[in-house]
Amino acid sequence: MLATLVFSTLAAGALAPAVVRLGFAHTLALLPAGLFVAFLSWWPDVTGGQVVLQQLAWIPSLDVALSLRLDGLSLLFALLITGIGTFIYLYAASYLHGQADLPRFFAFLTLFMGAMLGAVLADDLIALLVFWELTSLTSFLLIGYEPEKPQARRAAQQGLLITVAGGLCLLAGAILLGMAAGSMRITDILVQGPALVAHPMAPAIIVLVALGAFAKSAQAPLHAWLANAMAAPTPVSAFLHSATMVKLGVYLLARLNPALGEHAWWGSLLVPVGLLTMFMGTVLALRASDLKRVLAYSTVVSLGTLVALIGLPHPMAATAMVTFLLAHALYKACLFMVAGIVDHAAGTRDATRLGGLARAMPLTALVAVLAGLSMAGLPPFVGFIGKELIYEAALGGAWWPVGVALLANACMVVVAGVVALRCFFGPAQPVPGTPHDPGVAMWIGPLTLALLGLLFGLVPAWPSLLLGPAASAVAGREVAMTLSLWHGFTPMLALSALTLALGALALWGWPVLRRGLAGWGFIERWGPDLGYDRAIVGLQNVAAWQTRRIQTGSLRRYLGTFFAFTAACLLLTLWARDGLAVALPRWDEVGPEVALPVLLVLASAMVLRAHSFMAGIVTAGMVGFLVALTFLFRGAPDLAFTQFSVEALAIVILLAIVGRMPFHEVDPRRPGERRRDALAAVAFGVAATLVLLAVVASPFDERLSDYFRITSVPEAYGRNLVNVIIVDFRALDTLGEIAVLALAALAAAAVITSVRARRADDQEAA
């Protein structure tokens, strides 16, 4: 059933454009709504402690299965993805109405949603990696929805490169994790916590997995791509920032926390990175004026908070993490859609140019205030409960997590005030557009999410039913979830009051504060965004330098480099594997063919000393004929006669080509180049000889030979084993070789024909 939901969503991506072209774009919201209902049907099972598992055969030969897992954590994410996705679909159908590329947009959006569901439900590391990269690809397509804009192209490329680079780290970490656990199943990995913590590869696993998660969830200094992704349409921004793309790294860390959380490196890495991300996001949010960028940087703050909570050892950390995750998803999706409504109606997103919009947009103002109060952490909203839990988890350790959390939460108050108060209740200002409330399809989603933030705060027992199993999955133990709006007069309440006071003060002086922080030019000069541009330029310069050094246009140099490098690798491998100690043949067992190696060496030396192509071809043919004689003396007459035929034909063809091509008659190589080529040839020959001697010295496994002897007559109806192998057992391989030779012959014929045509044109011109 779980696999059906995931694959049906991916398949719906191919059908979405047709539905949009028929004029039923709004009806596409039925897809995430139906998925939401389907996942909601598992609520009783999951809240009762049951874990739903499903496994389908995928690559049995590699012991890779498509395993899916639904527990409290994955159900929470699945409900957020599909629930918020329902409103995003409705919102996008109206927000982007009339655009020619709307069918393509919904195809990408549906594929993205299916990839996200697959990632959070995956119970196999390989399947997780596949869906993980699919989210990167589809988010690239969504961010670059308007490819004619340079900003959109750069943002899409930046997001793809950073997240894919993190995905490569995650791939390495997943392989090491699977090797250490002896299984790629996440269910099996989670029960091996003590063994994994004691494993010598645990530090490398933690670092690699964390790098993959940090890149996906925009942790400092990899956070620049997230704000630049605001080049995407607002529906994409709302979906990515609230419940999907940027939360996927957080999901991965939360999922693996029971297995790796007890290791000293886990908290030592996650907590500092999370706190640094919170601080940097706070500074960047306070210096921005574009509503979407302000909200984007506040998302960076929230992501840092979630990562730090996962790394904190406090017993309430898991509860705080899942509660804040839910609160953030509700108000952030709402506020992003509000920002899009304002931009759509007023014609600008610049907060310094907006004010007094409540008169013309009363419904939008109400929605913004409700979501803003939850974001600011005021009672009776669920955001207040999440903020209290954050302080409770932070108070269990050192003072600096509390200080950073206080600064970050004060920033949330400022951002909420800028979006919900200044824009709607500040002094009225002229705007390019005509402000008005949108149609029902655009405001029903934000209003519902804002009311849910209020309802979950007033009745916290309802979300506790889902958040309890999610917190248990994060903590790796049973967590008794008892959310409450009032805990009495506690240090957390004092910190909340201090947060509100600091936030109100900063909001009052926001224009001055913003201009002062915007004047910090070193952020642009030394920030990660410029660092990304410099890294891309540096990569291009390195590529150009490598191209100049490697792609010289000389085929002889290419071949010489290839043979020299291959010889060096072979010799190093033989030396490292003790393969140089080979048994030389006994001279009393050598027959008349003892002269053949000497003749082969002399013929090879003649090839190296040949001063013309004609002489080189003839001496190379001598080498081939001597090899054929070697086959003949060693009891392979059919192979020998084949070699004779091939060599004779090759010499004739090569001499014919040389006679008609404008080659230099005399070899133009300098003596130093000839010595270098000779050294490469000798090295490769010595390496190949040693490899063959090592192979011959190894015990011969006759199973394959016996198989061909037994099956050649009854299955292939032939007694010549070589012919049977080539024609029957390796038929496709032989067909491929024939195709290659045919293409080579056609290419040679084309070259000869073009040379003839050029010569004829030159003669006519003369």
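What is the handedness of the crossing of H16 and H17? The crossing of H16 and H17 is left-handed, a term used when the near helix is turned anticlockwise from the far one by less than a right angle, with right-handed used if clockwise. This is a predicted model, in which local features need pLDDT of at least 70 and side-chain atom pairs count only at pLDDT 80 or more, while totals for chains, interfaces and linings use all residues. Residues are numbered from 1 along each chain as its sequence is written, and side-chain values use heavy atoms, leaving out hydrogens and water.

**Helix pair H16 and H17**

- Helix H16 covers residues 317-346 and helix H17 residues 362-376; helices are DSSP runs (H or I, at least four residues) numbered from the N terminus.
- Their axes come within 9 Å and cross at roughly 145°; axes are lines fitted to C-alpha atoms over the stretch in contact, and angles run from 0 to 180 degrees between N-to-C directions.
- Contact (heavy atoms within 4.5 Å) involves Tyr331, Leu335 and Val338 of H16, among others, and residues of H17 including Val367, Ala371 and Met375.
- By class, this contact has nine nonpolar, three polar and one charged residues; Ala, Val, Leu, Ile, Met, Phe, Trp, Tyr, Cys and Pro count as nonpolar, Asp, Glu, Lys and Arg as charged, and the others, Gly among them, as polar.

**Cavities**

- Four cavities of 30 Å³ or more are found in the whole structure; on a 1 Å grid over the protein atoms alone, a cavity is a set of points where a 1.4 Å probe fits but cannot get out, and lining residues have an atom within 4 Å of a point.
- The largest cavity has a volume of about 80 Å³, volume being the space filled by probe spheres set on the points, which are joined across faces, edges and corners.
- Its lining includes Val271, Met278, Thr305 and Pro401, and has ten nonpolar, one polar and no charged residues.
- The second largest cavity, of about 60 Å³, is lined by residues including Tyr331, Ser374, Met375 and Lys387.

**Second largest pocket**

- About 610 Å³ of space lies in this pocket; a pocket is an open set with protein on both sides within 12 Å along at least five of seven lines.
- Of its 21 lining residues, Thr642, Val646, Leu649, Glu737 and Leu741 lie nearest the centre.
- H29 gives the largest share of the lining, nine residues.
- The lining divides into 15 nonpolar, three polar and three charged residues.

Technical notes
Helices (H or I, at least four residues) and strands (E, at least two) are DSSP runs, numbered from the N terminus.
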